[in-house]
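Hi everyone, thanks for coming. Let me put today's structure up on the screen, and then we can walk through a few of its contacts together.

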Amino acid sequence: MTALTLAGLTKAYDGAATIRGIDLEVQAGEFVVLVGSSGCGKSTVLRMIAGLEAVTGGAIHIDGRDVTHVPAADRGVAMVFQSYALYPHMNVRENLSFGLRNMRVPRDRIAAQVAHAAAILELEPLLDRLPAQLSGGQRQRVAIGRAIVRDPSLFLFDEPLSNLDADLRVRMRHELARLHQRLGSTMLYVTHDQVEAMTLADRLVVLDQGRISQVGTPLEIYTRPANVFTAGFIGSPRINLLPAKVVARQGGEMLLELPGGLRFAMPASEAIAVGAAVTVGLRPEHVRLEAAPKSLALPLTIQAVEALGHSTFLYGEMAPIGEFRAKLDGHHSVPVPAAMTVYADVRQLLLFGADGEAVPL
Ligand SMILES: Nc1ncnc2c1ncn2[C@@H]1O[C@H](COP(=O)(O)OP(=O)(O)OP(=O)(O)O)[C@@H](O)[C@H]1O
Ligand SMILES: [Mg+2]
């Protein structure tokens, strides 16, 4: 069943187009994550779905009902914000029940809903505390609890973990995944965080300046980005995007030339003609220190090394193209600055046409 449909959704602030036509269907029980750079319109989309912001054009359906012009309180949606926005003078129990009391829900029903949320989020020992007496993670759990007690048909999360420190973020991420499994609810979740996006999402929606760049499972998006934008947005460290020109084709291969004159053969694509300008994508983790058959040799100047123990990041310059990033498994001692040659298996390269769209190989 379709839980949420966005059809031709647009938003302009003072005439400036911010959301430029979004079409999306979210199935009941799905966990959909919305990612995109700061200012691309993620919160605006969520706020329009919640009814906190009027749409400029298009329609929103929740569980098959057109709610485009329905007041926020009647949409059956609960939103959790980055700032927990708890009432400081109310204890946890009162914070959890406040919304329901306002809606004049019967007292025993409120008690049952609060008990249910407190049990799921392990808040029972904290029910009599004030927000000031809670840790950041506990406060965020209360904010999520306030959404749960309303038993919404759709949960909206706007970067709910971004105020937490790294350890707590990981724990809360796991708790959210578990919460989704237990409730089986439909969730739409906005984040900047690559790991949250990759691990929480059934499907990822990548937004680029108010438009959808790509929708797919995290792995589809990672392994087959539809365009240069998505390739550059998903993946950390960032993918290397090298401009190139097709100089010849023969058999199943084509010969590419990078600025500076370096030439290499890679599998040919039917869609690319000789003379075409293309962009070659090379994920940092596909870079090797040893040459192998079918490998492309890239001369670099290494400018910075980050050794994390389990992996080593190299940041360098590939003249005349520019910055280059590599991620190596394990520990490698690399002096800085240093000239070195790294290798890439041409079968792992991604290819994009002059229009920035992925070219099937
Ligand atoms: N009330 C408003 N009036 C005018 N412009 C607004 C308003 N709210 C948002 N904007 C603009 O709309 C654009 C999208 O904002 P939005 O908050 O949706 O971005 P976002 O993707 O959530 O960014 P972030 O990741 O930084 O939270 C921004 O350029 C923002 O300045
Ligand atoms: Mg935002």
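Let's start with R249, which is partly exposed at 32% relative accessibility. By that I mean between 20% and 50% relative accessible area, with buried under 20% and exposed over 50%, using a 1.4 Å probe and protein chains only. E270 is exposed, at a relative accessible area of 75%.

A word on the background: this is a predicted model, where local features need pLDDT of at least 70, side-chain atom pairs count only at pLDDT 80 or more, and totals for chains, interfaces and linings use all residues. Residues are numbered from 1 along each chain as its sequence is written, chains are lettered from A and ligands numbered from 1 in the order written, and side-chain values use heavy atoms, leaving out hydrogens and water.

Back to our pair: the side chains of R249 and E270 form a salt bridge at 4.0 Å, N to O. That term means a side-chain nitrogen of Lys or Arg within 4 Å of a carboxyl oxygen of Asp or Glu. How many salt bridges does the structure hold? There are 12.

Another one joins R141 and E175, at 3.7 Å from N to O. Both of these residues are buried.

K11 and E53 also pair up, with 3.6 Å between N and O, and K11 and E53 are buried as well. Shared partners join K11, R47 and E53 into one salt-bridge network.

Finally, please look at ligand 1. One of its oxygen atoms is 2.8 Å from a side-chain N or O atom of S43, and an oxygen atom of ligand 1 is 2.8 Å from a polar backbone atom of G39.

Conventions: A polar contact is a pair of N or O atoms within 3.5 Å; within protein, one must be able to donate a hydrogen and the other to accept it, and residues adjacent in sequence count only if both atoms are side-chain atoms.
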